Amino acid sequence: MPFNIPSLILINQLQLPDLKIYRSEFEQKGVIYPLRTLAASKSGLLDILPAPAEGKTGWPWTEQSDPTIYNSRNNWPKLSIITPSYNQAAFLEQTIRTVLLQNYPNLEFMVMDGGSNDGSKAILEKYSPWISYWQSKKDGGQGQAINMGFSLASGDYYAWINSDDYYLKDVFHLIVDTFLVHKTSFVYGYSYDYHVRENKFKLVKLLPLVDYFIKIPSLLQPACFWDAGINQPIWEELYCALDFELWLRMVKGHKRKLIKQPLAVAQVHENAKTSDAKMKEKWHEDHLKIWSDDAHGTVYEWNRIVFLNRIRKKIYRWFGWID
């Protein structure tokens, strides 16, 4: 059975779920909060995790982040990573391993599967000793899956990684160190698009995020991390643009830091929301909801924002800062 829709709270006129209600439902079912964190290993997890399938080599199959990179600090903040998933068995194991093989010494990892019927549950069972919490049952969609993960999270920093995307090597060390050094609330970076059918990687860069231009989609969701103090719930009515709408509420006005290197890989395949032609109508529906009067409202200065952003892009290209 899916989780109940919790009582709603109003943020910026939006009806958003109260994450405390989700957590209460988990606790009523026997889930102990806070969740257990992944035990650190001096030699890393590579030789402890299930062996990869034959022919799988490199990151994250036969390589891991060197655990000694964390020796510079005695106590690392807790990092909470959430993976929503549904019928992504072809990619799920890779995603899980790129989280675990960071060998981060204070990790809280939740996988919220929507009741997949493609073998995903067997993968989760295989890796369950190294996952703080996982479930495989019908839910209310990607947004609710992420919110349920948020409700269980107790880390100092948050992120979510979809089950068909994955992190690059050593990223957790880089991200948390950046938070600590720069005293920032939001850290983001570049990403690769991996076109599965063509077996090609494309580096995607982006301009530094400026509040005035925040209404133009630019942030690369797999390469975004944030302080728990600014976290907000996902608007569960959205199907495709839920990350973009979250940034509009959560990031604006907060200090952030751009890391000018790729942090993650977004896999482009025929069933991905960003590349599935059948999703065009869903994207349009989300657009109408986001800019409705009951949500963020009409952007009357849209033409000016777009015009100034084009000038900004030209300047950055002129200096070779972006492609």
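Gly141 sits in the loop that joins strand 5 to helix 4 (142-152); helices (H or I, at least four residues) and strands (E, at least two) are DSSP runs numbered from the N terminus. The model is a predicted one, in which local features need pLDDT of at least 70, side-chain atom pairs count only at pLDDT 80 or more, and totals for chains, interfaces and linings use all residues. Residues are numbered from 1 along each chain as its sequence is written, and side-chain values use heavy atoms, with hydrogens and water left out.

Gly141 has a relative accessible area of 28%, so it counts as partly exposed, the class between buried (under 20%) and exposed (over 50%), with a 1.4 Å probe and protein chains only. Its C-alpha atom is separated by 12 Å from that of Asn87, a residue 54 places away along the chain.

Helix 3 (residues 120-127) has Ser120, Ile123, Leu124 and Tyr127 as its buried residues. These lie on the same side of helix 3 because they cover an arc of only 100 degrees around the axis, the arc being that of the directions from the helix axis to the C-beta atoms. Among the elements that cover them are helix 2 (89-100), strand 4 (107-113) and strand 5 (133-136).

The largest nonpolar core has 91 residues. Such a core is a set of buried Ala, Val, Leu, Ile, Met, Phe, Trp, Tyr and Cys residues joined through side-chain atoms within 4.5 Å. Ile81, Leu100, Phe172, Phe225 and Trp226 touch the most other members. Helix 6 (residues 242-250) gives the most to this core, with 6 residues. Leaving aside residues up to four places away in sequence, Leu100 touches Leu38, Leu45, Leu49, Leu107, Phe109, Tyr127 and Trp130, where contact means heavy atoms within 4.5 Å.

On a 1 Å grid over the protein atoms alone, a cavity is a set of points where a 1.4 Å probe fits but cannot get out, while a pocket is an open set with protein on both sides within 12 Å along at least five of seven lines; lining residues have an atom within 4 Å of a point. The count comes to 1 cavity of 30 Å³ or more. The largest cavity has a volume of about 40 Å³, and its lining consists of Leu209, Ile214, Ile216, Pro217, Ser218, Leu219, Phe244 and Trp247.

The second largest pocket holds about 220 Å³ of space. Its lining has 16 residues, with Ala40, Ser41, Pro67, Tyr70 and Pro105 nearest its centre.

Notes. Points joined across faces, edges and corners; volume = space filled by probe spheres on them.
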